[in-house]
Amino acid sequence: MPIRHAVRATGLAALALSSSLATLTAPSQAQAPAGGPNAVPSIAPFMSPASPLMLTSARKADRLAWMAYDRGMRNVYTAAAPSFTPVRLTNFLDDDGVDLSDVEISDDGSTIIFVRGSAPNRWGWIANPSHRPDAEERAIWAVRATGGPAWRVAAGAAPELSPDGRHVLFTRDGQIYRARVARGGPVTAMDTGGVPFINAWGRNGTPRWSPDGKRIAFVSDRMNHSYIMVYDVATRRLQYVAPGVDCDAGPTWSPDGKSLAFYRRPGVPFGNQTQAGTGGIGNPAGPAANPNAAALPGNPAGGCGGGGFGGGGGGGGRGGAPQDSTRRNNMLRSPGFFSAQFSGGHTLQLMVADIAGANFASPMISAQIPAREVWRNAPRDTLFTSLANMQWAGRSIIFPVTVPRDEWDRWYAIPVAGGAPMRLTTTDGLIEDATSLALSRDGGTTLYYCTNAEDIERRHIWAVPTSGGAPKRLSTGDGIETYPQPLASGKQVAVIYFDAKTPASIALVPAEGGAPKVIFPKLTSAFPQVAHVVPEVVKTKAADGLEISNTLFLPKDVKPGEKRPALIFVHGGPRRQMLPGYHYMQFYHWSYAVNQWLADQGYVVLSINYRSGIGYGRSFTNAPNTQARGNSEYQDVVAGAKYLQARADVDPARVGIWGLSYGGLLTSQALARNSDIFVAGADLAGVHLYGNVIDSTNLAFKSSAVGAIDGWTSPVFLVHGDDDRNVDFAQTVGLVQLLRARGVYHELMVVPDDLHESMLHQNWIDTFDRMGAFLKRFVWNREKAPKAME
């Protein structure tokens, strides 16, 4: 029995209203849906300012560079001392869905590089949301900081810019390529990345220029062992750093470029080896080999770079082939078959090599570069188990540590001269990722980092000497500051700044501490800043007693005794934390704007920081029985809904819900389990079935929305791009079949060739405007959903 539902596929037709945006200063002209009782004002003004999404600074000049998203146009900007006047450098003036990322700047600030194009999907296709008939590419581009047209350098990604800005390194198929950034003169295939620059045995990667640009260090993974190798630019010779049978990785240069640090773990033991083998006595397949694994391009990799690195669990490597449990159990107690350690019983070493005195003229074993051990972990150490992401900072090596039974993230330092690790970040708070910290430009004597210490609902910038000392908070006020980038002079730290009424902005913070000064963008009257409310942090308690932090948006015009409709927003991830201000991640920056837009229309909006999110400690993030193990986080959503229903200014019969990704998952669960509470919802790119088991007795199935599908009666607005690399489009394909079979009213918006989060601005305007109209019908007006038709 077919049902009546709306289906809309967006694409080039959806862009007809605004196929070309001629300037970066004109406000968006997107129109609200046609008039009538369900008309809503457009979201477009709330999403009109240019939003900086990444930031970098030069090492030897007070110059910044950043990427800004402006109504779908992605461009590179710069600003320099003393005035720090923002200047747009690139001229990509179409809402074309082409991503721009990986912005880097040369040491002197003269050259800026970036990548255009998305990462490929699992079939190798670059995103093409504008449906152009020619395949898209992912390429490295460059532009001069003083102006002039940008130019394409080479096809590639993850660029490593030379200190002088003249060349860029990148990897492809296990080899290292170099492209010439500087223009002029004869061009060879090597200058354009057409052939490998360093073509050597092994899967070679993580190239790192020395600070003086004279040498390149990289990792050569040989599957069951790996080497640190150094390329000398002047002699074009390679040399090995203390080669052996172990797994070496993480090269990081000293500030003067004379020394190189790396970490060493034991080589891969027999039981974890994944080599395919060639037959014969000397070349059998490794016990962990997977004969069904797809061949890897280039040279083989596995042990050191993947499963079983230096003594992890068995069955890793390519494809993760399972071990024969009987044979493995018979060998478990015999040391060295499935685990590995050094002779002293330790499993991790910090090594330092003298590169300045190395002999690059000779290929002899005697010319290989020696390295000395600076530190080792203790036997059976449970604290210092990894040196991943380590950096040379001043006279120390700094690195992140996940401390057992500690709620918060920590960074430690080991003196290069030797000594025990010491804790640097003694603040109790989240330090989220690589964009949350940076080293001072004087060789790294100071670590700047972003954390929610002492202000758990926000982010601020702190600083600590890398030689040890007390951390100090730099940024003051009630705003949110992320992405610290110290300037070369040491006088200021650039940040991306947000607050309750200020979207993403570039700001400067005095290095000695103080209030951020915004330099970009300049907000115009097109942005409805006066329509914003200052959200309130409110606490709720779930059925099991866990306290949950939420952000409440109250409309300005609620009159005493009036009962308004209410909406719940559930974030994705689930490793996310929503803040009482604009967010540092693009979609959540927009979702905050959407919640402000909804509050401006008169809804009471509650954004829920449910368990398994971040920001409230590791126990909260790793709460028991979440996701497919029982979906305990859903009770936090119900607690939020009941809090709203109990408010004097909320109509308990008009509560809706919306979210994307994991937020879409929770939205679909709310509608399936509690259509008696949630009268309608918007599920954007949601997950509807955990795993791949369809069995009503299976815990993962019962934890899924589809496990309660027979209780779903409320209407839903569904949106999904079919090139989603995070949530398979099959999740929505399958859900729609279930809704059709049960006569559940749904409006469907399919976006061919688009990603998890649309790459086209006009698609976002269309999506949110239509969502607003849908919520107006079924939450605000409490319309009865149309019935199925014969």
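Good morning. I begin at Arg-777, which counts as buried at 17% relative accessibility, because the limit for that class is under 20%. Please keep in mind that we are looking at a predicted model.

Arg-777 forms a salt bridge with Glu-783, and the closest N and O atoms of this pair are 3.2 Å apart. Glu-783 itself is partly exposed, with a relative accessible area of 28%. Arg-782 has a phi near 55°, a positive value in a residue other than glycine. At 44% relative accessibility, Arg-782 is partly exposed.

Let me turn to the other salt bridges. The count for the model comes to 30. Arg-116 pairs with Asp-96, with 3.6 Å between the closest N and O atoms. This bridge links distant parts of the chain: Arg-116 belongs to strand E7, residues 111–116, while Asp-96 sits in the loop between strand E5 (87–88) and strand E6 (100–105), 20 residues apart. Both Arg-116 and Asp-96 are buried.

A further bridge joins the side chains of Arg-178 and Asp-191, at 3.8 Å from N to O. Arg-178 is in strand E12 (residues 175–180) and Asp-191 is in the loop between E12 and strand E13 (203–209), so this pair ties together parts that are 13 residues apart in sequence. Arg-178 is buried, with a relative accessible area of 15%, and Asp-191 is buried as well, at 10%.

I move now to a sheet. Four strands form an open sheet in the order E29-E30-E31-E32, with antiparallel pairing. Which strands stand at the edges? They are E29 (480–486) and E32 (517–520); each has a single partner strand, so one side of each is left without a neighbour in the sheet. From one strand to the next, the twist averages 35°. E29 pairs with strand E30, residues 492–498, in the antiparallel sense over 5 bridges. As a detail of that pairing, Glu-481 has Tyr-497 in E30 as its bridge partner.

Next, consider Asn-550, a residue of strand E34, residues 547–553. Is Asn-550 buried or exposed? At 0% relative accessibility, Asn-550 counts as buried. Leaving aside neighbours within four places in sequence, Asn-550 is in contact with several residues, among them Val-537, Lys-539, Leu-606 and Ile-608. The Asn-550 side chain also reaches the backbone oxygen of Ile-548 at 3.2 Å.

I close with backbone geometry. Ala-81 and Pro-82 are joined by a cis peptide bond, with omega about 5°, and Pro-82 is found in the loop between strand E4 (73–80) and E5. The peptide bond from Phe-520 to Pro-521 is also cis, with omega near -5°. Pro-521 has its place in the loop between E32 and strand E33 (536–541). Finally, Arg-71 has a positive phi near 50°. Arg-71 lies in the loop between strand E3 (63–70) and E4, and is buried, with a relative accessible area of 4%. Thank you.

Conventions
Residues are numbered from 1 along each chain as its sequence is written. This is a predicted model: local features need pLDDT of at least 70, side-chain atom pairs count only at pLDDT 80 or more; totals for chains, interfaces and linings use all residues. Side-chain values use heavy atoms; hydrogens and water are left out. A salt bridge is a side-chain nitrogen of Lys or Arg within 4 Å of a carboxyl oxygen of Asp or Glu. Helices (H or I, at least four residues) and strands (E, at least two) are DSSP runs, numbered from the N terminus. Buried means under 20% relative accessible area, exposed over 50%, partly exposed in between (1.4 Å probe, protein chains only). Two strands pair if DSSP finds at least two bridges between them. Axes are lines fitted to C-alpha atoms, for helices over the stretch in contact, and angles run from 0 to 180 degrees between N-to-C directions. Contact means heavy atoms within 4.5 Å. A polar contact is a pair of N or O atoms within 3.5 Å; within protein, one must be able to donate a hydrogen and the other to accept it, and residues adjacent in sequence count only if both atoms are side-chain atoms.
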